[in-house]
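This report describes one protein model for a reader who is new to structural work. Please keep the sequence and the three-dimensional view at hand while reading.

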Amino acid sequence: MRKVAAVTGGAQGIGKAVALEFVKAGYEVSVADTDKEAGMELMEQVRSLGGKGMFLPVDVAEETEVQRWFKLMLDDFGRIDVLVNNAGIGMNGPMLELPLESFDRVINVNLRGTFVCSQQAARAMKRQGGGVILNIASTRALMSEAGTEAYSASKGGLLALTHAMAVSLGPYGIRVNAVSPGWIETADWQKASNRRHPVHSERDRLQHPAGRVGTPADIAAACLYLAGNGAGFVTGQNLVVDGGMTVKMIYEE
Ligand code: NAD
């Protein structure tokens, strides 16, 4: 049967890899992103893979824009099987100087935006008899550097939102899980005008037990697993994909 995946922030970076991997797996994709130029580039790639896709410029912090996206998506594709809440921003800076507007914006995009999109998706999935929601959190939900309060709080909130929604939506056949990326290199997954060739030092690589920095493909693979029937008994979980960085104990010498 034809399947549809919706990806927020899917025009660049991790979300772009997720969208393209879902296309390769036979899904039709609907992508919402604030960057129109990047969205148009992505749609060309979707077409060159022989896939079907739609792109809409959407700020996930704006409920009316999200509602419009879901209406157009459901009118055009008729269903939604997977929602990947990937859109996210940082705005890191010294805590004592952080303007409240910055804190609010990060929470509104990363956490509230995820709730708004999930509510829309879950209403359609309930009517269909099931679906999958995936929230892209971060290892920064679990550990921190200084000056990351808004981002870390938004991602910690996403883990709680994940288990809460898994319990609420389970009776409708909807599974909800989080994927927490560690250090994922996205420089070569930006729109053409911003694309850079990534360079990593030996030190960058060796911080990871896996011996390398992560790629968007690592996260896309986790999403495809969690979206598939092989993960049919997995819900409310957080899958950390970080090359082992968060389990490595560090002693200062
Ligand atoms: P990115 O900046 O490369 O791409 C993010 C995309 O989201 C962009 O296309 C951007 O235009 C879009 N976007 C931003 N704000 C939006 C909004 N309000 N509404 C809709 N779209 C919006 O980012 P990335 O590194 O690929 O990160 C993707 C997700 O993964 C984020 O949630 C991020 O927090 C998370 N993450 C990334 C890393 C990493 O190392 N790259 C690590 C942990 C978690």
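## An exposed phenylalanine

Phe233 is exposed, with a relative accessible area of 85%. In this report, buried means under 20% relative accessible area, exposed means over 50%, and partly exposed lies in between, with a 1.4 Å probe and protein chains only. Phe233 belongs to the loop between helix H7 (216-227) and strand S7 (238-241). Helices (H or I, at least four residues) and strands (E, at least two) are DSSP runs, numbered from the N terminus. Between Phe233 and Arg175 there are 58 residues in sequence, and their C-alpha atoms are 8.6 Å apart in space.

## Basis of the model

The model is predicted: local features need pLDDT of at least 70, side-chain atom pairs count only at pLDDT 80 or more, and totals for chains, interfaces and linings use all residues. Residues are numbered from 1 along each chain as its sequence is written, and side-chain values use heavy atoms, with hydrogens and water left out.

## Overall architecture

The protein contains 7 helices and 7 strands. Read from the N terminus, its elements follow the order β-α-β-α-β-α-β-α-β-α-β-α-α-β. The radius of gyration is 18 Å, close to the 18 Å that the globule rule gives for 253 residues, so the protein is as compact as a globular protein of that length. This radius is taken over C-alpha atoms, and the globule rule is 2.2 Å times the number of residues to the power 0.38. The C-alpha trace spans about 60 × 40 × 40 Å along its principal axes.

Of the 253 residues, 48% count as buried. Contact means heavy atoms within 4.5 Å. Among contacts between residues at least 6 apart in sequence, 70% join residues at least 24 apart.

## Surface and charge

The protein exposes about 12400 Å², and carbon and sulfur atoms supply 54% of this area. Accessible areas come from the Shrake-Rupley method with a 1.4 Å probe; for residues, only the protein chains shown count as cover.

There are 25 positive and 27 negative side chains, and the centres of the two sets lie 8 Å apart. Lys and Arg count as positive and Asp and Glu as negative, while His and the chain ends are not counted. The place of a charge is taken as NZ of Lys, CZ of Arg, CG of Asp or CD of Glu.

Asn177 lies in strand S6 (residues 174-181). Its relative accessible area is 0%, so Asn177 is buried. The side chain of Asn177 makes a polar contact with the backbone nitrogen of Gly236 at 3.2 Å. A polar contact is a pair of N or O atoms within 3.5 Å; within protein, one must be able to donate a hydrogen and the other to accept it, and residues adjacent in sequence count only if both atoms are side-chain atoms. Leaving out residues up to four places away in sequence, Asn177 touches several residues, among them Ile133, Leu134, Thr162, Leu226 and Gly236.

Asp59 is in the loop between strand S3 (53-57) and helix H3 (63-77). Its relative accessibility is 13%, so Asp59 counts as buried. A polar atom of the Asp59 side chain lies 2.9 Å from the backbone nitrogen of Ala61. The side chains of Asp59 and Arg105 are joined by a polar contact of 3.0 Å. With residues up to four places away in sequence not counted, Asp59 touches Thr34, Glu65, Val66, Arg105 and Val109.

Ser48 is part of helix H2 (residues 36-48) and is exposed, with a relative accessible area of 62%. Its side chain reaches the backbone oxygen of Gln45 at 2.8 Å.

Met91 is located in the loop between strand S4 (82-85) and helix H4 (100-128). At 40% relative accessibility, Met91 is partly exposed. Most residues other than glycine have a negative phi.

Asn194, in the loop between S6 and helix H6 (202-206), is partly exposed with a relative accessible area of 45%. Asn194 and Val84 are 110 residues apart in sequence, and their C-alpha atoms are 24 Å apart in space.
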